[in-house]
Amino acid sequence: MGKKLFCAEDRRRQAVRSMPRLVYDALDGAAGRETSSQENMSALQAIKLQSRVLVNVAERSLKTSFLGRRWHLPFGVAPMGMCDLFWPGADRALAKAAKTYGFPLGVSTMASSPMEQIIEEAEGNAWFQLYAGQSDDETYALVERAQNSGYQTLILTADVPALPARPRDYRNGFAVPFSMRPNHFVDFACHPKWSLQTLINGIPSPKNVAIQKNKDHSGFRRESGRDRIDWDFLSELRTRWKGNLILKGVMSCEDAKRAMATSVDAVYVSNHGGRQLESAPSAISRLSKIRTVLGDDTSVVFDSGVRNGDDVARALATGADFVMLGRPILYALAGRGERGLNEFLRLLIDEFSIVMAQLGCTEPAQINHECIASED
Ligand SMILES: Cc1cc2nc3c(=O)[nH]c(=O)nc-3n(C[C@H](O)[C@H](O)[C@H](O)COP(=O)(O)O)c2cc1C
C-alpha cells in the first residue's frame, strides 16, 4: 500500500521520486525561467468564487453538453505526447478512464500508442490532436487516418511554430528520439522500478508518426514543420475535416475571432502550460478577454494551470465551457499507474461536486461569471 496522496501537489512530489530526473523534468518543465507556467497557477488561485447559502443542492449532476455530446464531466485530459514514458501503459489507463468516467481524452500526434487502439479502448471518448508535419500529404494522411478510425473531433495545435528553449531538457540532454548519455545511467540506476518497467515494456516511441532522423528523410521531425502552417492551412483543414474542429493554443482575441470566422467549432484557450513562451501571460487572464469578444454562443475549451476542482470551477466561471488537465494527470500516473489515476480522478470529481454545492449550483452549466466574488 502506497502513501495516501490528497492533492495534485502530493502527487507531483511522488512523481519526482518515482522517475528519473530527466523524465520528470520533461513532464514538469516549461519554457525559459518557467514564469508563465507558475503564473498560470497563481492567476487561477487569485480568482475568488462566491459561495451562496440556502440553495437546495442535494441533487447535483456533473454532466454537461459540449460539441453536440453529453459528457459525464465538464473536464477531460489534455493531449500529451509520450505518456507511456511516465508510466508504462499510461495511454491504455487513460483510454480506460475516459470510457469509465465519460470524459474526452486528447490523443496527441506524438502519442506512444496508435490512435486506433486508443479510441477503441476509450469507446469513442477521444479527440485527436494534430501537429502539422513538414509535408502536407503526410499531415492530411494523418487527418484521414483519424477520420477513418472514428474520431469525431480534431484539435489542431497551433502554438508550437518552433520548439521552445526548455532549460531543464537542455541540461539533462533530453531529446526525441532518445539517445543514452553517461549521466543518464546514474539517473536510471537511482530509479530501478521505473527503469526495470521501461526495460520490460520497451522504451516508448511515437506510434502515429515516423520520426525523421535527419532533414533528408521523410517522416515527422519534432524540430520543424509546424512553423509553416497558417490561416490558409486552417481553411483547408476545415474543408477536409467533417467533424468538430478545435483550434488549440489561442491566446489573442484577434486570433480567436479569426478562428471563429474560419468556422472552427471551438477555440481552445491555452498557453501549453507555459511550455512554449516564457513571457506569455497566464492563460486564465486571456480567457475572460476572449470570452468577452466571442460572446456567449461560442464554444471555448481551456487548459493551463488547472490543478483541482476549484480550478475547474474558476475556469468555468471565467468563461470556459470545458476544461482540460495536463500535468496533474501525469503526476497521478507516475509511480502508481492506473490506481493513481483513478484515485486522482475520484478526488477531482468529489472536489468539483463540493465546490458546485458551495456555489449553490446543481450542474456545471450554472457556473458563470456571477460565481466570481466581486471586489467590493
Ligand atoms: C509532457 C507533456 C506533453 C505534452 N504534449 C502535448 C502534445 O503532444 N500536444 C499538445 O497539443 N499539447 C501537449 N502538451 C500541452 C497540454 O496539452 C496542455 O496544454 C498543458 O499541459 C496544460 O497545462 P498544465 O499541464 O499546466 O495543465 C503537453 C504537455 C505536457 C506536460
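A polar contact here is a pair of N or O atoms within 3.5 Å; within protein, one must be able to donate a hydrogen and the other to accept it, and residues adjacent in sequence count only if both atoms are side-chain atoms. The model is predicted, so to speak with care, local features need pLDDT of at least 70 and side-chain atom pairs pLDDT 80 or more, while totals for chains, interfaces and linings use all residues. Residues are numbered from 1 along each chain as its sequence is written, and side-chain values use heavy atoms, with hydrogens and water left out.

View 1. For R307, a polar side-chain atom is 2.9 Å from an oxygen atom of the ligand. G326 takes part through its backbone, with a polar atom 3.1 Å from a ligand oxygen. Of the 600 Å² of accessible area that the ligand has on its own, the protein covers 96% (Shrake-Rupley method, 1.4 Å probe).

**View 2. The shell around the ligand.** Welcome to the surroundings: 21 residues surround the ligand, the closest being P79, S108, T157, D303 and R307 (a heavy atom within 4 Å). By class, this shell has six nonpolar, ten polar and five charged residues, with Gly counted as polar and Asp, Glu, Lys and Arg as charged.

View 3. R11 and E343 meet through their side chains at 3.6 Å, N to O (a salt bridge is a Lys or Arg side-chain nitrogen within 4 Å of an Asp or Glu carboxyl oxygen). Because R11 lies in helix α1 (residues 8–18) and E343 in helix α15 (residues 337–359), the pair ties together parts 332 residues apart in sequence (helices are DSSP runs of H or I, at least four residues). The structure holds 19 salt bridges.

Technical notes:
Helices (H or I, at least four residues) and strands (E, at least two) are DSSP runs, numbered from the N terminus.
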